[in-house]
There are 6 protein chains.
Amino acid sequence: MSDPQEKRLTHLDETGKAVMVDVTEKDVTDRIAVCEGAVTMEPETLAMIVAGQAKKGDVIATARLAGIMAAKRTHELIPLCHPLALTKVAVDIEADESLPGLKVTAMARVASRTGVEMEALTAVSVACLTIYDMAKAVDRGMTISGIRLIEKSGGKSGDYRAKD
Amino acid sequence: MSDPQEKRLTHLDETGKAVMVDVTEKDVTDRIAVCEGAVTMEPETLAMIVAGQAKKGDVIATARLAGIMAAKRTHELIPLCHPLALTKVAVDIEADESLPGLKVTAMARVASRTGVEMEALTAVSVACLTIYDMAKAVDRGMTISGIRLIEKSGGKSGDYRAKD
Amino acid sequence: MSDPQEKRLTHLDETGKAVMVDVTEKDVTDRIAVCEGAVTMEPETLAMIVAGQAKKGDVIATARLAGIMAAKRTHELIPLCHPLALTKVAVDIEADESLPGLKVTAMARVASRTGVEMEALTAVSVACLTIYDMAKAVDRGMTISGIRLIEKSGGKSGDYRAKD
Amino acid sequence: MSDPQEKRLTHLDETGKAVMVDVTEKDVTDRIAVCEGAVTMEPETLAMIVAGQAKKGDVIATARLAGIMAAKRTHELIPLCHPLALTKVAVDIEADESLPGLKVTAMARVASRTGVEMEALTAVSVACLTIYDMAKAVDRGMTISGIRLIEKSGGKSGDYRAKD
Amino acid sequence: MSDPQEKRLTHLDETGKAVMVDVTEKDVTDRIAVCEGAVTMEPETLAMIVAGQAKKGDVIATARLAGIMAAKRTHELIPLCHPLALTKVAVDIEADESLPGLKVTAMARVASRTGVEMEALTAVSVACLTIYDMAKAVDRGMTISGIRLIEKSGGKSGDYRAKD
Amino acid sequence: MSDPQEKRLTHLDETGKAVMVDVTEKDVTDRIAVCEGAVTMEPETLAMIVAGQAKKGDVIATARLAGIMAAKRTHELIPLCHPLALTKVAVDIEADESLPGLKVTAMARVASRTGVEMEALTAVSVACLTIYDMAKAVDRGMTISGIRLIEKSGGKSGDYRAKD
């Protein structure tokens, strides 16, 4: 993190109230964000989902759709987010036996005055929640972790890429 | 996890399609779920939020409200969740310098035929996302982690308590 | 108002945070609330709406439907409201030349653990906003006023009736 | 109001049916609207809220957020409103002992083909409803009044400023 | 249809205004509705979907989920429908080469004071719309037809079964 | 339909997963779609609605509004649809004694990177569902049929007009 003295919480105004940032004067540019997260679970739970996946794919297909649909509603859920006319949302989910669990990656894209990190993060979060919901009958101890921004481009604040 | 052979993914029917579980015949009982999660961040980011918090409380107050409001919309976000007439949702957020970051705990309660884990997990997730949104201008590397069920009671499947 | 010392803001907990009141232990009773409000406008605007009304009724019919539909979404709009399975919502709108303007009355009813004042007030508010929207091209100076609870029954806090 | 003969209710078509006005051909311009409203209450209720406000701010902070979030959903509530990609919404709430009560002001802004009066009015209305909800346990007689457009700019119909 | 003189449009009150029927006094009973509909298309389009279906199932799986999710939002879409705490929604989609096209069947269930026909019909409609959306790039001439109630049970008006 | 070999289901990616098509690079053009559908019913039901219509118009007026409002929420209902800032939605409903029943036509318009067929189809579908809902007490055998695209213009894929 660079010098925090130069920074401020842009969603709080000078008197400390939560505000929606005014983006009217910002340029409309092509903005992309990629985020990731994971659901860790018992190896038997992962095996069950993957076996189902091989045959019918429904846990993973359902979670992917839930993530895509949630991205479109980000501004309803996150109080100070702007509504955006998203041009693309993609969610990928892969089994990762080293967790063991499922790894979720989401990408959101828009031609707009403000970024799409929150849309991609919301897609990841809701996809993870949906995996939990569909597998919770066999494994209540699953944990959702590592939800973070991997990469973003577009906009005045410049591109960002997570360190590892 | 007990013997997985005896278990199945209740949201998939016998032919593997995703289904909403039929809860019509289940008893209406008092059901409670408590979940937790955290946002880890740079120590300077936490200090900024806490300083704001001491004076005006808005990052934390906003995230708490976002979590409560999201819990009420869980069935819109999670494809196979039942709509529930929640009787209580609470979200608590505390600074934890050992992370460093903010720890989020949510409780949901309902007198219903089905449990409220997903509502509590959704409250935690959206509160965490809101914290990320409000602080992302100063720290893009924040990570949302450890979202899990801590405790549930009510319903036929019995009470549950996470091991640690 | 009775002695404020005995009262407290039930949506704030003992430490001052906004909370959803826990209604789990409350009795399910038949609860009704009636609310009112008005849109005052230029006499010519009222005449135009009433003339349209005589022939096709659309300003008033549209506002009535908008109010009914909004009542069903009260818990999405008002952060600490509980979701309710409303059993009845009615909205009536009448021309009142003494304002001059339109008077809106709404009734909401539910068999539930908590009251329906907010649902009736939301119905009135959104019906008034819809009237404003449909007539604003001819009269930007319209004002929405007098939105208040007229009468409520059911629940432990007892019946209420506004003084005049 | 200027000559009503020259005016018509733009949301009714020539045969009197409610319609969404076609704004496709309008210019995209920077549009701003500022609206206000108030909740009048017993002086003791105001004192309670302000005291809470001094310490924790939650009634007012909650109402502000509710107003901002509602503005983003205006097109879902008001049947003939266009969906807009709002670039800014702000809500301010101040105690006014002369009412006595709370005065709510909201601003909405967008670069769009149509104005944002309804978004600002919806923000004011839902902020007022939230204040009512949070204080109703101590004062059922509160009244929401004076919701109106203060000022607008942008768009072909020209700027507007309320007379007083 | 039995004697229409004995019948009336229950959603219109005695003065002709659209109203939400008051169901407060009705019994809570187990109510089920089954509905159907179809999307007819070019045989090549059906073959494409079925081929995709054999491998990954996504057109049909996506349409099933969209139908289930839409059923939960019926009361937001249909102005005079009551919100219901659905206990089960199921959607089945099968290829029918005699159409040629896809046949959609939906079932909704609830323990409530009012029926679930609209929820099942909404599930069918939105599943059909989703099929159209996913295949429209190859066949703009698809038609959605035959959406109707097949069977209902529960409630005072008695059971119903379509003639063929 | 032209040669299906040259076509593919654009909502499925190369590995068969459902995806939102990336429209970022498409041109913003004026796009219009017109769709139709019908509700067939007993002649007595139609007579009842038309009689109500002559006097108060509420079945038809309610269905028109429901269709307009639903069009604005298409992207929430149809999983892979993009959110669009619609500039116009219109719904017309006419009695057709040859069915007998009501014929519904909807038009949607937008200046956007992607078409509005789904918005117009959703408007028709929800208008038809609303007619069913309002008349179902007198006629459970009504059927919704013939929902299809009549005409579209704008966008790279060229104009389309249904054959008859």
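1. A salt bridge is taken here as a side-chain nitrogen of Lys or Arg within 4 Å of a carboxyl oxygen of Asp or Glu. By that rule the side chains of E:Glu151 and E:Arg161 form one, with an N to O distance of 2.6 Å. Because E:Glu151 belongs to strand 4 (residues 143-153) of chain E and E:Arg161 to strand 5 (residues 160-161) of chain E, the pair ties together parts that are ten residues apart in sequence; helices (H or I, at least four residues) and strands (E, at least two) are DSSP runs, numbered from the N terminus. E:Glu151 counts as partly exposed at 34% relative accessibility, whereas E:Arg161, at 57%, counts as exposed; the classes are buried under 20% relative accessible area, exposed over 50% and partly exposed in between (1.4 Å probe, protein chains only).

2. On the basis of the model: it is predicted, so that local features need pLDDT of at least 70 and side-chain atom pairs count only at pLDDT 80 or more, while totals for chains, interfaces and linings use all residues. Residues are numbered from 1 along each chain as its sequence is written, chains are lettered from A and ligands numbered from 1 in the order in which they are written, and side-chain values use heavy atoms, with hydrogens and water left out.

3. A second salt bridge within chain E brings together the side chains of E:Asp30 and E:Arg109, at 2.7 Å from N to O. This pair links distant parts of the chain, since E:Asp30 is in strand 1 (residues 29-40) of chain E and E:Arg109 in strand 3 (residues 101-112) of chain E, 79 residues apart. E:Asp30 is partly exposed, with 35% relative accessibility, and E:Arg109 is buried, with a relative accessible area of 11%.

4. Over all chains the structure holds 72 salt bridges. One of them is formed by the side chains of C:Glu76 and B:Arg73, at 3.5 Å from N to O; C:Glu76 lies in helix 3 (residues 74-77) of chain C and B:Arg73 in the loop between helix 2 and helix 3 of chain B, so the pair joins two chains. Both partners are buried, C:Glu76 with a relative accessible area of 8% and B:Arg73 with 5%. The two residues also take part in a network of salt bridges whose members include A:Arg73, A:Glu76, D:Arg73, D:Glu76, F:Arg73 and F:Glu76.

5. At the interface of chain B and chain A, 59 residues of chain B are in contact (heavy atoms within 4.5 Å) with 59 residues of chain A. The buried area, meaning the accessible area (1.4 Å probe) that two parts lose on being put together, summed over both, is about 5,000 Å² here, of which carbon and sulfur atoms give 68%. The rule finds four salt bridges across this interface, and A:Arg140 forms a salt bridge with B:Glu117, with the closest N and O atoms 2.3 Å apart. On the side of chain B that touches chain A, two or more residues each come from helix 1 (43-55), helix 2 (58-71), helix 3 (74-77), helix 4 (117-135) and strand 4 (143-153) of chain B, and helix 4 of chain B gives the largest share, twelve residues.

6. Strand pairing (DSSP finds at least two bridges between the two strands) also crosses from chain A to chain B: strand 4 (residues 143-153) of chain A and strand 4 of chain B pair in the antiparallel sense over two bridges, and A:Ile147 has B:Ile144 as its bridge partner. Within chain B, strand 1 (residues 29-40) runs antiparallel to strand 3 (residues 101-112) and is joined to it by twelve bridges, with B:Arg31 standing opposite B:Val110. Strand 2 (residues 88-96) of chain B, also antiparallel to strand 3 of chain B, is joined to that strand by nine bridges, and a hairpin connects the two through four residues.

7. For chain E and chain A, eight residues of chain E are in contact with eight residues of chain A, and the area buried is about 560 Å², of which carbon and sulfur atoms give 59%. E:Leu65, E:Met69 and E:Arg73 supply 54% of the area that chain E buries against chain A, more than any other three residues.
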